[in-house]
Amino acid sequence: MNRRSFAQSVGGAIALSALPGSSMWKETSSNGTPGRIMAIAAHPGDGLFTMGAVVAQQIGRGGTGALLSLSLGEKGAPKDIQVQQYGEMQRTATQKATHLLGAESIFLAYPDAEIPFNEESTLAVCDAIRLFKADVIITHWSGSWHRDHQNCHLIVREAVFYAALETLARSRPAHSVSKIYYADNWEDANNFVPDTFLNIEAVYEKWLQACDFYPMWRGQAGLFRYNDYYRALSIMRGCLCGYKHAAALMSDPGQRMSRPQSL
């Protein structure tokens with residue numbers, strides 16, 4: 001059970017941790033409380049389905065949350081809906097979902113399937129991080145077959161570096177992100193190894209209501225069975241850590257510890 005912590009809060013209020021090679025769990029705590037958590041996703045659905053429960057959990061524990069979508073996911077439109085119209089549907093759904101969860105919604109609106117990894121996009125995300133003053137960021141893992149997800153991962157890692165750079169003059173002062181986590185996304189599963197499990201039972205129903213604003217969640221014809229998959233995934237992850245429903249995250253390799261006291 002190396003490198004695996006079963007946590008109540010990404011912000012660090014309570015954590016359950018296991019020492020390498022041990023079969024016993026111990027509860028540890030810190031004086032910290034959840035801070036400002038930012039989910040950064042290539043498409044709005046990715047943000048809500050894979051990161052929304054974590055954001056809601058942190059808000060429920062006294063933190064502040066935001067969802068940044070790099071595109072509107074408009075090219076996932078079914079045949080009977082125009083691409084532009086579908087993009088606006090996605091925007092509206094996201095605004096309703098984040099309002100329900102008590103989070104902010106931010107859009108950069110790059111063309112779906114064409115999100116660029118370049119200086120312009122990286123600085124745009126850097127500015128958003130500085131504006132929101134994110135303490136913790138959740139985003140896509142790199143092991144994805146989806147080009148937008150791959151680029152989002154690269155953009156965020158560079159943007160976190162830029163955001164903390166004191167000598168980089170932007171409209172907002174420099175800000176350092178404490179921790180980065182990667183979301184449990186069916187499209188980003190290559191070499192994804194979760195090591196952090198959050199109890200989302202308190203916000204589970206609210207998260208499902210938020211996801212239900214999206215037609216694709218509700219089984220839109222021809223699309224992946226998001227509803228079934230992510231509901232089942234929360235149960236499966238919960239089975240691994242003794243919770244009824246859990247969200248699994250993968251911590252950035254650079255911040256892993258073998259004996260964590262808290263997140």
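Me: What kind of crossing does α1 make as it passes α5?
Reply: A crossing is called right-handed if the near helix is turned clockwise from the far one by less than a right angle, and left-handed if anticlockwise. In this predicted model, where local features need pLDDT of at least 70, side-chain atom pairs count only at pLDDT 80 or more, and totals for chains, interfaces and linings use all residues, α1 passes α5 in a right-handed crossing. Residues are numbered from 1 along each chain as its sequence is written, and side-chain values use heavy atoms, with hydrogens and water left out.

Me: At what angle do the axes of α1 and α5 cross?
Reply: The axes of helix α1 (residues 44-60) and helix α5 (residues 204-211) cross at roughly 155 degrees and come within 10 Å; helices here are DSSP runs of H or I with at least four residues, strands are E runs of at least two, and both are numbered from the N terminus. Each axis is a line fitted to C-alpha atoms over the stretch in contact, with angles running from 0 to 180 degrees between N-to-C directions. The two helices are therefore roughly antiparallel, a label for angles over 145 degrees.

Me: Which residues make the contact between α1 and α5?
Reply: On α1 these are L48, F49, G52 and A53, and on α5 they are W207, A210 and C211, where contact means heavy atoms within 4.5 Å. Six of the residues in this contact are nonpolar, one is polar and none is charged, in a scheme that counts Gly among the polar residues.

Me: Where is L208, and is it buried or exposed?
Reply: L208 has its place in helix α5 and is buried, with a relative accessible area of 7%; buried means under 20%, exposed over 50%, and partly exposed in between, for a 1.4 Å probe and protein chains only. Leaving aside residues up to four places away in sequence, L208 touches W217 and R231.

Me: How many salt bridges does a search of the whole structure find?
Reply: Side chains of opposite charge can pair when their charged atoms come close. A salt bridge here is a side-chain nitrogen of Lys or Arg within 4 Å of a carboxyl oxygen of Asp or Glu, and the search finds six. One of them joins R91 to E88, with the closest N and O atoms 3.3 Å apart; these residues are three apart in helix α2 (residues 83-101), and so about one helical turn separates them.

Me: Which parts of the chain do R157 and D252 link?
Reply: The side chains of R157 and D252 meet in a salt bridge of 2.4 Å, N to O, and the pair links helix α4 with the segment after β10 (246-251), 95 residues apart. R157 is partly exposed at 39% relative accessibility, whereas D252 is buried at 11%.

Me: What is the phi of A113, and where is A113 found?
Reply: Most residues other than glycine have a negative phi. A113 has a positive value near 70 degrees and is found in the loop between β6 (104-110) and α3, where it is partly exposed at 40% relative accessibility. K133 also has a positive phi, about 60 degrees, although it is not a glycine; K133 lies in the loop between α3 and β7 (136-139) and is partly exposed at 49%.

Notes
Parallel < 35°, antiparallel > 145°, perpendicular 65-115°, else oblique.
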